[in-house]
Amino acid sequence: MTKKDHKPTPTPAKDTNSPDPMIQALEAKLARAVADYANLEKRFQRDSSHVIKFATANLITKLLDLRDNLDLSDQSLNDQGISMLLAQLDKIIQEEGVVKVDTSGDFDPSCMECSELVAGKQGQIIATTRTGYKLHDRVLRTASVVIGSGSSKGSDPKGLKSKT
């Protein structure tokens, strides 16, 4: 027996225009993984900035109670020292991004609470009993306000007239 030269049988050439389905699946998985990672990075950046932005909210809320007490003391004592402390505290709070809730105009339930209904234009704020504050458009403390009931006579929140 003679040994024949063994030539490898040529494999059919693959069409380069249509890649292997397994490669396509792996490429699709890789694209999804890259997109998921990019979304994760964006969410992490957003959440991190949110945490940094509102990390002081708890401390500021406590300082607002202190500010209210200083304001009451200032109103009753008319002490220049208390006025100076109050002005410094207000400056610090404002530098941190805290703003007062605007209580002029109509009642806004998203940042105000009604403490009393009195005679006056319905839904109109008559007086502010406690100042409200926001930190970067987030309500730290709602404003407590007196609202007009829509009647010209005393307060009657249920719209019932007394039987006298």
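Q: On a 1 Å grid over the protein atoms alone, a pocket is an open set of points with protein on both sides within 12 Å along at least five of seven lines, whereas a cavity is a set of points where a 1.4 Å probe fits but cannot get out; what is the volume of the second largest pocket?
A: The second largest pocket has a volume of about 150 Å³, where a volume is the space filled by probe spheres set on the points, and grid points are joined across faces, edges and corners. The model is a predicted one, in which local features need pLDDT of at least 70 and side-chain atom pairs count only at pLDDT 80 or more, while totals for chains, interfaces and linings use all residues. Residues are numbered from 1 along each chain as its sequence is written, and side-chain values use heavy atoms, with hydrogens and water left out.

Q: What makes a residue part of the lining, and which residues line the second largest pocket?
A: A lining residue has an atom within 4 Å of a point, and for the second largest pocket these residues are Arg67, Asp68, Asp71, Leu72, Thr128, Thr129, Arg130, Thr131 and Tyr133. By class, the lining has two nonpolar, three polar and four charged residues, given that Ala, Val, Leu, Ile, Met, Phe, Trp, Tyr, Cys and Pro count as nonpolar, Asp, Glu, Lys and Arg as charged, and the others, Gly among them, as polar.

Q: Which element gives the most to the lining of the second largest pocket?
A: Helix 2 gives the most, with four residues, and both helix 2 (57-77) and strand 3 supply at least two residues of this lining. Helices (H or I, at least four residues) and strands (E, at least two) are DSSP runs, numbered from the N terminus; on that basis the chain comes to three helices and six strands, which follow the pattern α-α-α-β-β-β-β-β-β along the sequence.

Q: Why is arginine 67 called buried?
A: Buried means under 20% relative accessible area, exposed over 50%, and partly exposed in between (1.4 Å probe, protein chains only); arginine 67, with a relative accessible area of 7%, is therefore buried. Its place is in helix 2, and, not counting residues up to four places away in sequence, arginine 67 touches Leu86, Leu89, Asp90, Lys100 and Tyr133, contact meaning heavy atoms within 4.5 Å.

Q: How do you know that strand 4 pairs with strand 1 and with strand 5?
A: Two strands pair if DSSP finds at least two bridges between them. Three bridges join strand 1 to strand 4 (residues 133-135), and three bridges join strand 4 to strand 5, so both cases meet the cut-off of at least two. Tyrosine 133 is the bridge partner of lysine 100 and also stands opposite arginine 141 in strand 5.

Q: Why are strand 1 and strand 5 left without a neighbour on one side?
A: The open sheet has the order 1-4-5 with antiparallel pairing; strand 1 (98-100) and strand 5 (138-141) stand at its edges with a single partner strand each, so one side of each has no neighbour in the sheet. Neighbouring strands of this sheet are turned by 35 degrees against each other on average, direction ignored, with axes being lines fitted to C-alpha atoms (for helices over the stretch in contact) and angles running from 0 to 180 degrees between N-to-C directions.

Q: How is strand 3 placed in the sheet of order 2-6-3?
A: This open sheet of three strands has mixed pairing; strand 2 (112-118) and strand 3 (125-130) each have a single partner strand, so both are edge strands. Four bridges join strand 3 to strand 6 (residues 143-148), which run antiparallel, and threonine 128 has valine 145 as its bridge partner in strand 6.

Q: What makes the phi values of histidine 136 and aspartate 137 worth noting?
A: Most residues other than glycine have a negative phi. Histidine 136 has a positive phi near 50 degrees, and aspartate 137 has a positive phi of about 65 degrees. At 33% relative accessibility histidine 136 counts as partly exposed, whereas aspartate 137, at 74%, is exposed.

Q: Is leucine 140 buried or exposed?
A: Leucine 140, in strand 5, has a relative accessible area of 16% and is therefore buried. Leaving aside neighbours within four places in sequence, its contacts include Ala57, Ile60, Leu64, Val98 and Tyr133. The C-alpha atoms of leucine 140 and asparagine 58, which are 82 residues apart along the chain, are separated by 8.6 Å.
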